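Here are my notes on the model, as numbered points. Please read them with the structure open.

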Amino acid sequence: MMVATRSFKLVLLLLCSLTILLAENTPNQQKDTSIDEYFIEKTIVKNVVSKGAVCLDGTPPAYYMDRGFGEGAQSWMIHLSGGGWCRDVSDCQNRSRTSFGSSKLMGTFKFRGHFSKNKSANPDLFNWNKVMVAYCDGGAFTGDVERVDPATDLHFRGARIFSAVMEDLLSKGLKDAKNALLIGSSAGAYPAMLYCDRFSKLLINTPRIKCLTDSGYFVDVNKTLQKGKSFEPIYKALVTLHGSAKALPKSCTSRMKPELCFFPQNIQQDIKTPLYTIMSPFDIIQVGTTLGDYYNAIKQNNFSANQKKNLRELRLELLTKLPNASDPKLRGAFIDSQFHHTRLLNYWKPQNVSVVNNVTMIKAFGDWYFDRQYYYLIDKHDLPIP
């Protein structure tokens, strides 16, 4: 009787184990498709430190990944995180003591907005494989300095991080992607453009590959308009410290100074992969850097005549330096007039999504990506919408 009881318990245990395995491998279509926000643990990219692919403090790079399901199981979006730049040793040392410079200090990451699993709010991307590549090099994934100064122990290896992460993701299913999308926001927008064609070449069997830049199409404006610091000296310091020139396109650096090749307007024409640009002429970073402190005037919607003039000129500067609209299949755009920065995490939901010409940003990009309709939308307002 005791043997029978033990046998029964054994069978019961096996059945329970099988049930758990089945639950963990439930058909993808059974997953909850109403989740708006959720937290993801970091994935450390192992065995790449020996290749020099490291964060500012020498720790290995990391990313956050949520597996796709159902019809999205072979679709991938890879997002290069933003977070400004460090342009001198002191700034980079401070940054290396934070999650923006060290993977050991990275916690969980909240997936929301375009990472949402809510099918009704995020109809085209809700079930994709979603990856947020952590930004820990301070040089927009472009740096490649071999020597490490023993006095500072800083590593400038952003370009190697990009390569190492892509290699790791290819081994985890990216190489079999049916749809692929490389995204960058803010400081991550430039490398999404820079590496767009390289990303495409990694996926030779993927039918649809496109790139998206979000709130990082900063322009080099007319010098008479610059009231603030301007981006050029920022980029010059960045390129010098991080050794970024090697990563920049030769088609650009052969024509102009390397720091000028950090402006999207100077490299976008050579990108062969379809590219979509989301930007506002009144982006907080663009306005603050180029014109100075207009924050209160814009928030209060109360401008002096001179401020109105400068803002209108800034808008025209962006519009004249955007990718050519003659082939919206190759170059799509969504240019709103709101005063904010980055759209995908915070404004990719029906409650507050940007709208241009009665088309939401979510619909405009989804239709463009899937070749349903090619949107190149520019809002008509010539002053910021608070």
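1. Helices (H or I, at least four residues) and strands (E, at least two) are DSSP runs, numbered from the N terminus. This is a predicted model: local features need pLDDT of at least 70, side-chain atom pairs count only at pLDDT 80 or more, and totals for chains, interfaces and linings use all residues. Residues are numbered from 1 along each chain as its sequence is written, and side-chain values use heavy atoms, with hydrogens and water left out.

2. Ser 96 sits in the loop between α2 (89-95) and β5 (109-111). Is Ser 96 buried or exposed? Ser 96 is buried, at a relative accessible area of 14% (buried is under 20%, exposed over 50%, partly exposed in between; 1.4 Å probe, protein chains only). Leaving out residues up to four places away in sequence, Ser 96 touches Leu 56, Asp 57, Gly 101, Ser 102, Leu 105 and Leu 154 (contact means heavy atoms within 4.5 Å).

3. Nine strands make an open sheet of mixed pairing, ordered β2-β3-β6-β4-β7-β8-β9-β10-β13 (strands pair if DSSP finds at least two bridges between them). At the edges, β2 (42-44) and β13 (376-378) each pair on one side only.

4. Within the sheet, β8 (residues 208-214) and β9 (residues 275-279) pair in the parallel sense, over four bridges. Leu 212 has Tyr 276 in β9 as its bridge partner.
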